[in-house]
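Here are some friendly notes to read alongside the coordinates.

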There are 2 protein chains.
Amino acid sequence: MDKLHVVKIGGKVIENKDSLISFLEDFASLEESKILVHGGGNEANNISKKIGLEIKIEGGRRITDSDSLDLITMVYAGKINKKIVSLLQSISCNALGISGADGNAYSAIKRPIKDIDFGFVGDLTEINIPFFTGLIKQNIVPICCSVTHDRKGQLLNTNADTIAASIASALSKNFKVILTYCFEKMGVLENINDENSVIPFIDTKKYHELKNRGTISQGMMPKLHNCFESLEKGVQEIRIGNSSIFSQKNQFTKIKK
Amino acid sequence: MDKLHVVKIGGKVIENKDSLISFLEDFASLEESKILVHGGGNEANNISKKIGLEIKIEGGRRITDSDSLDLITMVYAGKINKKIVSLLQSISCNALGISGADGNAYSAIKRPIKDIDFGFVGDLTEINIPFFTGLIKQNIVPICCSVTHDRKGQLLNTNADTIAASIASALSKNFKVILTYCFEKMGVLENINDENSVIPFIDTKKYHELKNRGTISQGMMPKLHNCFESLEKGVQEIRIGNSSIFSQKNQFTKIKK
């Protein structure tokens with residue numbers, strides 16, 4: 001089976017133009033097939049402030065009403081996606097920007113209302129494997145934004161980490177998938193206050209050790225849990241690091257069963 | 001050669017949700033291969049008012065500065081493009097939304113500065129024929145917005161009519177292309193003040209007659225000129241009508257050499 005990189009970049013990488021360009025140069029130079037997944041970070045917040053759109057938070061979680069969904073679609077599928085695609089095209093990487101609606105690439109179901117109505121938020125239901133393999137065979141690099149659809153004409157806002165994990169798992173049937181998360185830290189830190197405490201390798205045994213020791217940041221534990229779930233679903237290897245992860249100068253965390 | 005419809009819809013069709021849905025149903029039911037091209041109309045103006053972005057006009061023509069380009073990219077490539085794609089997917093039409101940057105589908109050059117600096121406005125230079133034919137062979141329907149790129153990482157704003165005409169001409173090498181323009185009128189009117197004066201058929205002879213008679217609206221003459229240019233470049237037939245043009249109940253204007 002051929003190797004495939006599924007890479008997710010966070011808002012911090014996107015917001016800084018220099019770090020974005022340098023990341024995209026590294027990404028474009030990966031010799032294997034690749035897919036990029038991105039959200040939007042603070043860009044949507046900045047614009048919603050400009051147009052006086054109130055960001056609704058309930059129980060600590062953002063509510064996506066109709067206006068917020070329009071904004072997210074404009075910023076994620078429009079501004080950010082097309083910026084990434086045009087930059088990649090300028091360095092000979094044949095990128096194609098998509099939302100989940102395009103080619104029915106990934107679809108979702110509106111999150112059912114229980115205690116909270118999250119609004120137009122979607123939980124992923126299906127990845128269109130033939131669509132992705134078709135693009136990859138043509139040497140086209142899909143650039144996926146975190147806007148999905150319900151196949152009934154409704155766009156939905158979906159977590160970019162989950163989209164990356166689901167695409168990686170689904171394509172593990174046809175490829176040896178390496179899933180990479182780029183965020184602001186250099187990797188999983190042994191000590192959240194020490195940037196130099198990157199854990200180079202985590203396997204199942206080490207994961208349980210870390211869980212028991214309880215020194216890892218609260219935010220990272222559910223991420224690690226999701227990583228081991230993806231490994232169970234067939235993903236070969238997961239990497240967590242910052243935007244220089246592909247430059248080979250940097251440390252990062254490698255996670256394998 | 002197989003038939004291919006290249007269809008351009010104007011802002012007025014997009015702005016009204018009912019007319020858009022009814023148009024998309026007709027479009028989806030076309031049995032032949034198809035490509036849709038759209039601009040954005042007043043939606044961009046409405047949002048630019050909201051965010052207090054000044055629309056710059058010079059010599060009667062709109063100037064696309066960096067902020068305007070961002071807005072156009074958000075509205076055309078984001079909001080409108082994804083709305084159309086998700087609506088088409090809901091009626092089993094496998095739509096894929098693109099800008100010119102995606103798959104390097106259509107590229108442009110920034111308009112050189114002469115008397116006026118139009119800003120980030122692009123004049124088309126190339127249509128990626130293999131990219132379009134590849135999608136069509138997979139029964140994917142490209143939905144093209146009027147944002148292009150210069151292959152050097154810069155997005156550009158380009159006239160949607162010109163994109164439709166250029167795609168139609170370029171693909172005439174591989175397909176029998178019918179190019180359709182949907183706008184607010186039922187067709188080319190013999191008398192601009194009489195909605196019932198649709199001219200059903202215009203050939204070269206009739207075109208010269210109309211030119212000499214001078215009764216056709218000033219805005220329509222350059223459009224007709226461009227139509228005959230497209231016919232010269234291999235397009236088989238051009239149709240001009242309103243958003244009900246494919247419903248087969250309506251009149252429209254057919255243009256052939």
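In which sense do E5(B) and strand E8 of chain B pair, and over how many bridges? That is a handy place to begin, and please keep in mind throughout that this is a predicted model.

1. **The E5–E8 pair in chain B.** The two strands pair in the parallel sense, with 4 bridges between E5(B) and E8(B), the latter covering residues 141–145. Within this part of the sheet, Ile98(B) has Cys144(B) of E8(B) opposite.

2. **The sheet of chain B.** Those two strands belong to an open sheet of 8 strands with mixed pairing, and its order in chain B is E5-E8-E2-E1-E11-E13-E14-E12. The edges are taken by E5 and strand E12 (201–202) of chain B; each has a single partner strand, so one side of each is left without a neighbour in the sheet.

3. **The sheet of chain A.** Chain A likewise has an open sheet of 8 strands, ordered E5-E8-E2-E1-E11-E13-E14-E12 and mixed in its pairing. Its edge strands are E5 (95–98) and E12 (201–202) of chain A, and because each has a single partner strand, one side of each lacks a neighbour in the sheet. E5(A) runs parallel to strand E8 (residues 141–145) of chain A, joined by 4 bridges, and Ala95(A) sits opposite Val141(A) in E8(A).

4. **A covered strand, E13(A).** Strand E13 of chain A, residues 237–241, is mostly covered, with 4 of its 5 residues buried. On one pairing, E13(A) and E11(A) are parallel over 5 bridges, and Tyr181(A) has Ile240(A) in E13(A) as its bridge partner. E13(A) also pairs with strand E14 (residues 253–255) of chain A, here in the antiparallel sense over 3 bridges; Ile238(A) stands opposite Ile255(A) in E14(A).

5. **Two helices of chain A.** Helix H6 (residues 160–171) of chain A lies across strands E1 (2–9), E2 (33–38), E8 and E11 (175–182) of chain A, and it runs at about 175 degrees to E1(A). Helix H7 of chain A (residues 204–213) is hardly covered, since the count of buried residues among its 10 residues is 1. After H7(A) comes Gly214(A), with a positive phi near 70 degrees.

6. **Chain A as a whole.** There are 8 helices and 14 strands in chain A. Its radius of gyration is 18 Å, close to the 18 Å from the globule rule for 257 residues, so chain A is as compact as a globular protein of that length. The C-alpha trace of chain A spans about 45 × 45 × 35 Å along its principal axes, and 48% of the 257 residues in chain A are buried. Of the contacts in chain A with a separation of 6 or more, 72% are between residues 24 or more positions apart.

7. **How the two chains meet.** Which elements of chain B supply at least two residues each to the side that touches chain A? The contact involves 33 residues from chain B and 33 residues from chain A. Helix H4 (66–90), strand E5 (95–98) and strand E9 (147–149) of chain B are the contributors at that level, and H4(B) gives the most, with 13 residues. By type, the residues on this side of chain B are 11 nonpolar, 15 polar and 7 charged.

8. **Symmetry.** Chain B superposes on chain A by a rotation of 180 degrees with 0.0 Å of shift along its axis, at an RMSD of 0.0 Å. That is the relation of a two-fold axis. The copies meet through the same surface, because 100% of the interface residues of chain B are also interface residues in chain A.

Notes
Residues numbered from 1 in each chain as written. Chains lettered and ligands numbered in written order. Predicted model: local features only at pLDDT ≥ 70, side-chain atom pairs only at ≥ 80, totals over all residues. Contact = placed C-beta atoms within 7 Å. Nonpolar A, V, L, I, M, F, W, Y, C, P; charged D, E, K, R; others polar. Buried ≥ 20, exposed ≤ 12 C-beta atoms within 10 Å, placed from the backbone. Least-squares fit on C-alpha atoms with pLDDT ≥ 70 in both. Pairing = 2+ DSSP bridges. Axes fitted to C-alpha atoms, helices over the stretch in contact; angles between N-to-C directions. Rg over C-alpha atoms; globule rule 2.2 N^0.38 Å.
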